[in-house]
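Have the viewer open and follow along.

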Amino acid sequence: AGAYSPFTLTISREDGSQRLGLINVTTPPGLLGDIAGVTICPNSGIEAAERRDQPGDGALEQADPSCPAGSDVGTVTASVGPGPDSVSATGHEYLAGPYKGAPFDLVAVTPAISGPFDLGVVVLRQGLYVDPHTAQATVKSDPLPTVLDGVPLDVRSVAVHIDGVGGDNHFIFNPTNCAPLAVTGSLVSTSGTNAAISSPFQAANCASLKFKPGFVVSTEGRASKAAGASLDAMVTYPNAPEGTYANIKSVKVDLPKQLPARLTTLQKACLAATFEANPATCPTASVVGSAKAITPILTSPLAGPVYLVSYGNEAFPNVEIVLQGEGITMTLVGNTNVKKGITSNTFKTIPDAPISSFELKLPAGPYSVLAANGSGNSRWDLCGQTLAMPTAITAQNGAVLKQSTKITATGCPRPKKAKTAAQLRAQKLAAALKACHKKKHGKARSSCQKKARHAYGSHKHRRRK
């Protein structure tokens, strides 16, 4: 569980069956790739491979690959031809992107060489799509070639082996959830017939994974009626090799009564239909914050706005976080509930993906999602109060971390330190000496000062006197 592992997919058909046309494959949740460790093959490299379509170009591709070695994540072997007379050719799978709306592209570049025959290079592109809610990867191939340089191709089998750059097995890594899962997809024949495919998948040893996320929360101590209250939350993970820690599956928090939901803002939530069509068209008042996630498997953070989204069948709007980066869009959905003055948010389904940190900012402002119930001189003042947030964080392997998370009030004046006995004596001595100066006569003043020093001087001074 959670460890790096090569991934092999083999698809074949029998004699007499329809010919392979398209291949679509979806990996189970949590079976992901370490994109940050791979060099992206540029479009110029793919175009160079596509131009090598003449006899003799296959050997040229073998000697001088079109894509850089750092983008080579595996191999592909295709078998073509009828029955025992089939021949095989092996090429390489390169990571590129984006392609046809997908953030990444797997490009199979295969020299079409068999014995003395060299028919050039076959290039097959496969868009790599990422599910915005589960982070599952779906690979959709372009149509498989049927003719090459006038020679009909009868593709019998395709075997893809993904084992990382240079075969180091540091690209694909397993889920941290050991529930029974499956690799699924569909095959489409050249005649348009669709066949569903599925292969069981299950990781092992999830119980051995650690679960120690850090969680720090703060709010501005000086809230106001006009701007409401703020909330900043940061989740962090220890820096460790893959296969050490389980990823987060769900989070539930109960905000303290001092930080209730601001009903006037909840009423300005974006309608679900508008959000699903295009979140960017939601009203400004429905955008209540921002978030940023840093993951070791991408080179750039995922970041974006936080929306309130209203669904007709729910009493309160959801908190929906839209994260974007490197062409990937992820949406985290938090269900809101308000009961007896306590606002709760539950993120039931979080993708099984590693993070270095996740930061959520809900700022104060005219459309802040939180109000404040302070005390003391101002009902908006949160300084000096005990703010605690019951928290339950569940791991993909079933481990549960329950705690009362302290919410730190920032921007508050520092409490005055209690004065020491020496400081108090010095203060009294200064006051007594000041009073002595009001005496007009020198002897009276001198006697007054002597008595003051005897009464409030240091222990050493008073003992000597």
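Which pattern do the disulfides of the chain follow, with bonded cysteines counted along the chain? The pattern is 1-2, 3-4, 5-6, 7-8, 9-10.

## About the model

This is a predicted model, in which local features need pLDDT of at least 70 and side-chain atom pairs count only at pLDDT 80 or more, while totals for chains, interfaces and linings use all residues. Residues are numbered from 1 along each chain as its sequence is written, and side-chain values use heavy atoms, with hydrogens and water left out.

## The disulfides

A disulfide is a covalent bond between the sulfur atoms of two cysteines. Here, a pair of cysteine sulfur atoms within 2.5 Å counts as one, and a search of the whole structure finds 5. Three of them are worth a visit. Helices (H or I, at least four residues) and strands (E, at least two) are DSSP runs, numbered from the N terminus. Buried means under 20% relative accessible area, exposed means over 50%, and partly exposed lies in between (1.4 Å probe, protein chains only).

Start with Cys 41 and Cys 67, whose sulfur atoms are 2.0 Å apart. The torsion of -70 degrees about the S-S bond goes with a left-handed link. This pair connects distant parts of the chain, 26 residues apart: Cys 41 is in the loop between strand S3 (32-33) and helix H1 (43-51), and Cys 67 is in the loop between helix H2 (57-63) and strand S4 (72-80). Both cysteines, Cys 41 and Cys 67, are buried.

Next come Cys 178 and Cys 206, joined with an S to S distance of 2.0 Å. Their link is right-handed, with 95 degrees about the S-S bond. Distant parts of the chain are linked here too, 28 residues apart: Cys 178 sits in the loop between strand S12 (172-173) and strand S13 (181-189), and Cys 206 in the loop between strand S14 (194-201) and strand S15 (214-220). Cys 206 counts as buried because its relative accessible area is 7%.

Cys 270 is in strand S18 (residues 270-271), and Cys 282, 12 residues apart from it, is in the loop between helix H4 (272-277) and strand S19 (287-294). Cys 270 and Cys 282 are buried.

## The nonpolar cores

A nonpolar core is a set of buried Ala, Val, Leu, Ile, Met, Phe, Trp, Tyr and Cys residues joined through side-chain atoms within 4.5 Å. The largest one has 89 residues, and Ile 321, Leu 323 and Phe 358 have the most contacts inside it. A second, separate core of 9 residues includes Cys 41, Ala 49, Val 107 and Val 121.

Contact means heavy atoms within 4.5 Å. Not counting residues up to four places away in sequence, Leu 323 touches a list of residues including Ala 291, Leu 302, Ile 328, Met 330, Leu 332 and Phe 358.

## A helix pair

Two packed helices are described by the angle between their axes and the distance between the axes. Axes are lines fitted to C-alpha atoms, for helices over the stretch in contact, and angles run from 0 to 180 degrees between N-to-C directions. Helix H5 (residues 421-436) packs on helix H6 (residues 442-456) at about 170 degrees, with the axes 9 Å apart. H5 is therefore roughly antiparallel to H6, a label for angles over 145 degrees.

Among the residues that meet are Leu 429, Ala 432 and Leu 433 in H5, and Cys 448, Ala 452 and Tyr 456 in H6. The contact of H5 with H6 divides into 7 nonpolar, 1 polar and 4 charged residues; Ala, Val, Leu, Ile, Met, Phe, Trp, Tyr, Cys and Pro count as nonpolar, Asp, Glu, Lys and Arg as charged, and the others, Gly among them, as polar.

## Backbone details

Most residues other than glycine have a negative phi, and most peptide bonds are trans. A cis peptide bond joins Gly 97 and Pro 98, with omega about -10 degrees. Pro 98 is in the loop between strand S5 (87-96) and strand S6 (104-114). Gly 97 is partly exposed, at 22% relative accessible area.

Asn 205 has a positive phi of about 65 degrees and is exposed, at 61% relative accessibility.

Note on methods:
Parallel < 35°, antiparallel > 145°, perpendicular 65-115°, else oblique.
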